[in-house]
Amino acid sequence: MTGDLFADRALCGTTLPLGAHARVLRGFALAHVDALWPGLQAVIAKAPLRHMVTPGGQRMSVALTNCGALGWVSDRRGYRYAPLDPDSGRPWPALPVPWLELARGAAEAAGFADFTPDACLINRYAPGARMGLHQDRDERHLSHPIVSVSLGVPAVFLWGGLRRIDRTERVTLLHGDVAVWGGVDRLRFHGIAPLRQAHHPLTGAQRINVTLRRAG
Ligand code: MD3
Ligand code: FE
């Protein structure tokens, strides 16, 4: 799939149903990348990407930052959403309007009306970085969907079940793909396999994932 330009372009515009309430909208963000990229750079300039520590004391291989009213943070005390960047003591940068519009449009296309995110987590994967199997359950109301935008180098997404031990499916997420999940799929275990060494014209060796959430 990856590296094969013809196969990748043929996927564009298709929808991969992962579950009853989970979809990958192939290439949905491609037409918006030019509008999304400057906002992303502005956010990273104000709130730099950093490696947080898990409650267990491990440094995360993924570097992250946030924008919006709330940002996801991790330290020795646990995981939570917080209104201030712990590194600067200032509020997280505002959520760029084009990101809000993309989130709303993608949620709509996946069957979730009126999605208004108040939190946006930005993950940066360098070669070898990974995200272990986990559930997203730190948000206050799990009734809201999550919208995720993949940029740059392809990644193997691990899509599991509602129990950690359930078997996982592997799905390659490409530059411009948008995943939307909610409803009965909201608490699925999921993760990202170690990023393979590759080059993308926009991001170099990296993959950037932007997830838009309603956390408060
Ligand atoms: C979850 N990020 O930040 S998002 C996270 O690519 C996170 O950085 C990953 O998991 C990343 O919490 C994955 C993509 C995704 C797609 C579909 C899902 C996550 C999903 C369906 C159900 C649950
Ligand atoms: Fe997650």
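**A look around ligand 1**

Visitor: By class, how many nonpolar, polar and charged residues does the shell around ligand 1 have?

Guide: Quick note: this is a predicted model, where local features need pLDDT of at least 70, side-chain atom pairs count only at pLDDT 80 or more, and totals for chains, interfaces and linings use all residues. Residues are numbered from 1 along each chain as its sequence is written, chains are lettered from A and ligands numbered from 1 in the order in which they are written, and side-chain values use heavy atoms, with hydrogens and water left out. Here Ala, Val, Leu, Ile, Met, Phe, Trp, Tyr, Cys and Pro count as nonpolar, Asp, Glu, Lys and Arg as charged, and the others, Gly among them, as polar. Sorted that way, the shell has 8 nonpolar, 6 polar and 5 charged residues.

Visitor: Which element gives the most to that shell around ligand 1?

Guide: Strands here are DSSP runs (E, at least two residues), numbered from the N terminus. With 4 residues, the top giver to the shell is β13.

Visitor: Which residue has a polar side-chain atom 2.9 Å from an oxygen atom of ligand 1?

Guide: A polar contact is a pair of N or O atoms within 3.5 Å. Asp 136 has a polar side-chain atom 3.2 Å from a ligand 1 oxygen, and for Asn 209 the distance is 3.3 Å. The one at 2.9 Å is Asn 123.

Visitor: What backbone oxygen lies 2.9 Å from a polar atom of the Gln 135 side chain?

Guide: Gln 135 lies in the loop between β7 and β8. Its side chain joins that of Arg 137 by a polar contact of 3.0 Å. The backbone oxygen in question belongs to Leu 187.

Note on methods:
Polar contact = N/O pair within 3.5 Å; in protein donor to acceptor, adjacent residues only side chain to side chain.
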